Amino acid sequence: MKQINIAILGQGRSGRDIHGLHLKNDTERFKVVAVVDQMEVRKNRAAKEFGCDVFDSYKEILERKDIDLVVNALPSHLHYEVTKDLLKHGFNVLCEKPFTPTVEMLDDLVKTANENNVSLMTFQQSRFAAYFEKVKEIISSEVLGRLVQVSIQFNGYARRWDWQCCLDFNGGSLANTGPHPLDQALNILDYYDGMPNVFCKMDSCNSFGDAEDYVKLILTAPNRPLIDLEISSADAYPLFTYKIQGTKGTLKGNMSKIDWKYFKPEEAPEQKLIRETLTRGEPDFLPAYCSEKLTWYEETWNGDAMSPFTFAVRKYYDTVYAHLTEGKPLVVTMDQVRQQIAVINEAHRQNPDFLYFK
């Protein structure tokens, strides 16, 4: 089995606790040969944990010929410029989210990757989470019927005071938390050939920076369900992660449990439109209301034995390995990421207090 040599830029929460944690346990397919971080203690720890070379700056690896893939897990505002430099030097790059602040920057990176015949990827592992795959499976079964509304909430109550609540660091809830539920929402919407209509309301509730920590995002497109996406740091009573309303049933659930109920139209009482006043009971013909007994079927999914986060990261890296070793197409494509960033850009345009570039 071919082993992919990897360099990780950054040993923060993403570089060490997500990518690093997975790669330490996937050593048959991947080998971390270099780590870049400015903190001495993090470099020393990485050298021990991975047995790899360590550097202060990513520029120190630019002449390395033994690196098959660079994971860019640097702070968000560095994603664009560092990724572009890596691509120009002939490296395949997996960049953390948020990928770029603007569509124009994404287009430039795609162009640079194509010019240098290298692969460009973004880390959207939530597409592969077991709970989301279950949601997609239930939707595909059509037991819910035609989807009318898809509500997704990534809510909780939290105050934040780190760099990710600063706009000049490409911070804010939509850029940092948002790529996960927004990627899922756009995947359900399945309108990748066009641009959905966007309405967005942002607010700053518990943030110590200048970026938003409340987002209400409504997406619509022709012949598609309405998407109601909410990311809130002011919700002390989060009720669900997903609620999907369909013409034959409803789904509700979170990352560990999903319930859905539906009826079968062929088993339902036959009805027809009655335009006259409804009555009941001869000879009194009392006022009546539409009423019928439907047979409901209810099912439950109680999660996967593996941690949902671990499951999603592993499956994402499955696609990375297949792409680099077998040339298989990426599941999360740059066109899909481009639509996501276009939605984020429009959302910020509608909320000028939270613009990245004013």
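Which are the buried residues of α7? They are Pro179, His180, Pro181, Leu182, Asp183, Gln184, Ala185, Leu186, Asn187, Ile188 and Leu189. Buried means under 20% relative accessible area, exposed means over 50%, and partly exposed lies in between (1.4 Å probe, protein chains only).

## Basis of the model

This is a predicted model: local features need pLDDT of at least 70, side-chain atom pairs count only at pLDDT 80 or more, and totals for chains, interfaces and linings use all residues. Residues are numbered from 1 along each chain as its sequence is written, and side-chain values use heavy atoms, with hydrogens and water left out.

## Overall build

The protein has 9 helices and 16 strands. Helices (H or I, at least four residues) and strands (E, at least two) are DSSP runs, numbered from the N terminus. Along the principal axes, the C-alpha atoms fill a box of roughly 95 × 50 × 40 Å. Of the 358 residues, 50% are buried.

Take contacts (heavy atoms within 4.5 Å) between residues at least 6 apart in sequence. Of these, 72% join residues at least 24 apart. The protein exposes about 18300 Å², and carbon and sulfur atoms supply 49% of that area. Areas come from the Shrake-Rupley method with a 1.4 Å probe; for residues, only the protein chains shown count as cover.

## Nonpolar cores

A nonpolar core is a set of buried Ala, Val, Leu, Ile, Met, Phe, Trp, Tyr and Cys residues joined through side-chain atoms within 4.5 Å. The largest has 53 residues. Ile6, Leu9, Ile61, Leu86, Phe99 and Tyr317 have the most contacts inside it. Strand β2 (residues 30-36) gives the most to this core, with 6 residues.

Ile61 touches Ala7, Leu9, Ala34, Val36, Phe55, Ile67, Val70 and Phe91, leaving aside residues up to four places away in sequence. Another core lies apart from the largest one. This other core has 46 residues, among them Ala130, Ile227, Trp260 and Ile344.

In helix α7 (residues 179-189), 11 of the 11 residues are buried, so the helix is largely enclosed by the rest of the structure. Just after α7, Asp190 takes a positive phi of about 55 degrees.

Helix α4 (residues 103-115) has 13 residues and should span 18 Å at 1.5 Å a residue. The expected span is 1.5 Å times one less than the number of residues. Its end C-alpha atoms are 18 Å apart, which agrees. Val103, Leu106, Asp108, Leu109, Thr112 and Ala113 are the buried residues of α4. They pack against α3 (79-88), β6 (120-122) and α9 (334-349).

## Loops and backbone

Most residues other than glycine have a negative phi, and most peptide bonds are trans. The bond from Lys97 to Pro98 is cis, with omega near -5 degrees. Pro98 sits in the loop between β5 and α4. Thr102 is in the loop between β5 (93-95) and α4. Thr102 is buried, at 15% relative accessibility. Its C-alpha atom is 9.3 Å from that of Tyr356, 254 residues apart along the chain.

Asn170 lies in the loop between β7 (147-153) and α6 (173-176). It is buried, with a relative accessible area of 4%. Its contacts include Pro98, Thr100, Pro101 and Tyr356.

Two exposed loop residues have positive phi. Asn117, between α4 and β6, has phi near 55 degrees and a relative accessible area of 71%. Glu142, between α5 (130-141) and β7, has phi of about 70 degrees and a relative accessible area of 55%.
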